[in-house]
Amino acid sequence: MSPRLPVFPLGTVLFPGLVLPLHIFEERYRELVRHLVALPDGTPREFGVVAIRRGWEAPLSTAPGATAPAADVSLHDVGCTAELRQVTELPDGRYDIVTVGRRRFRLTGVDSDSQPYLTGEIEWLPEPGGQEDLADLLAPRVLSVFRRYLRLMRADGDTDDTADLAEVSEQLPEDPTVLSHLVAATAALTVEDRQRLLAADDTATRLRAELRLLNREAALLGRVRAVPVPLSELAVPISAN
């Protein structure tokens, strides 16, 4: 039997190792948080975050690549699990939670009836081996271009921004897989670009695509000081262990 996960559609892409804080106010997602908190100790408290391909997050009656008639909603088929790390229950029953991306997966089916929230049949997408040498060669090039890209993004900032840039640059990881996820999550890319990076077959493929995207964005910044979307607040990966 295929593994099953609660599914949380969002207008963003989550990557392994990246922090995702969420404010939970809808009752169906409050129920999801209560379900996760009630799991026995030692059980992974994870749910699947899947980016919305088209439409809105409600009413959640959809399947991968399919369209719900009421709200014209469809989901991407590759997502990332979010591990619950911190829960704060507010007096009115809402929750503030902190999660961390852990594992990539592909949705193979979605059930909108058995629970108040979506659940999905999934298959795990482990990072395959076989191109480690190529990834090791690409990582320093991506790191160099990403630092240049950050400098261009911060060029018009004040002294505090410059100091912040130096701190961020020092924190950039050298591990090829971790670097590939951080770059994908923090560069000013569209959801579609991020989704393609999440779904990349392996680290080397992701790094190669990022090198092309970062060079494109750096060239655009250097010429016209414009990017397609605002730079999201930089996310710092933490250990998912």
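What follows is a guided walk through the structure shown above.

This is a predicted model, in which local features need pLDDT of at least 70 and side-chain atom pairs count only at pLDDT 80 or more, while totals for chains, interfaces and linings use all residues. Residues are numbered from 1 along each chain as its sequence is written, and side-chain values use heavy atoms, with hydrogens and water left out.

Let's begin with confidence. The pLDDT score is the predictor's confidence in each residue, from 0 to 100. Its average over the protein is 83, and 78% of the residues score at least 70. Helices (H or I, at least four residues) and strands (E, at least two) are DSSP runs, numbered from the N terminus. Confidence is highest in E5, at 97, and lowest in helix H3 (residues 159-171), at a mean of 52. Two stretches call for care: pLDDT stays under 50 over residues 58-71, and also over residues 229-236. Where pLDDT is low, the predicted coordinates should not be read in detail.

Now turn to strand E1. Here 6 of its 7 residues are buried, where buried means under 20% relative accessible area, exposed means over 50%, and partly exposed lies in between (1.4 Å probe, protein chains only). Two strands pair if DSSP finds at least two bridges between them. E1 runs antiparallel to strand E7 (residues 118-124), with 4 bridges joining the two; Pro6 stands opposite Thr119 in E7. E1 also has 4 bridges to E3, and these two strands run parallel. In E3, Val49 is the bridge partner of Phe8.

Phe8 also leads us to the aromatic rings. Rings of Phe, Tyr and Trp (its six-membered ring) pair if their centres lie within 6.5 Å; planes under 30 degrees apart count as stacked, over 60 as edge-to-face and the rest as tilted. The whole structure holds 3 aromatic pairs. In one of them, Phe8 and Phe47 have ring centres 5.7 Å apart and planes at 35 degrees, so the pair is tilted. This pair links distant parts of the chain, with Phe8 in strand E1 (residues 4-10) and Phe47 in strand E3 (residues 46-54), 39 residues apart. Phe8 counts as buried because its relative accessibility is 6%, and Phe47 counts as buried at 1%. Another pair is formed by Phe146 and Tyr149, whose ring centres are 6.1 Å apart and whose planes meet at 15 degrees, so this one is stacked. These two residues are 3 apart in helix H2 (residues 132-153), and are therefore separated by about one helical turn. Both Phe146 and Tyr149 are buried. Ring pairs also join Phe8, Tyr29 and Phe47 into a cluster.

A charge can sit over a ring too, which requires NZ of Lys or CZ of Arg within 6 Å of the ring centre and within 35 degrees of the ring normal. Arg103 does this over the face of Trp124, at 3.7 Å from the ring centre.

Our last stop is His76, in the loop between strand E4 (74-75) and strand E5 (78-89). His76 counts as buried because its relative accessibility is 10%. Contact means heavy atoms within 4.5 Å. Beyond its neighbours within four places in sequence, His76 is in contact with Val50, Ala51, Ile52, Arg53, Leu107 and Gln195. Ala51 lies 25 residues from His76 along the chain, yet their C-alpha atoms are separated by 5.8 Å.
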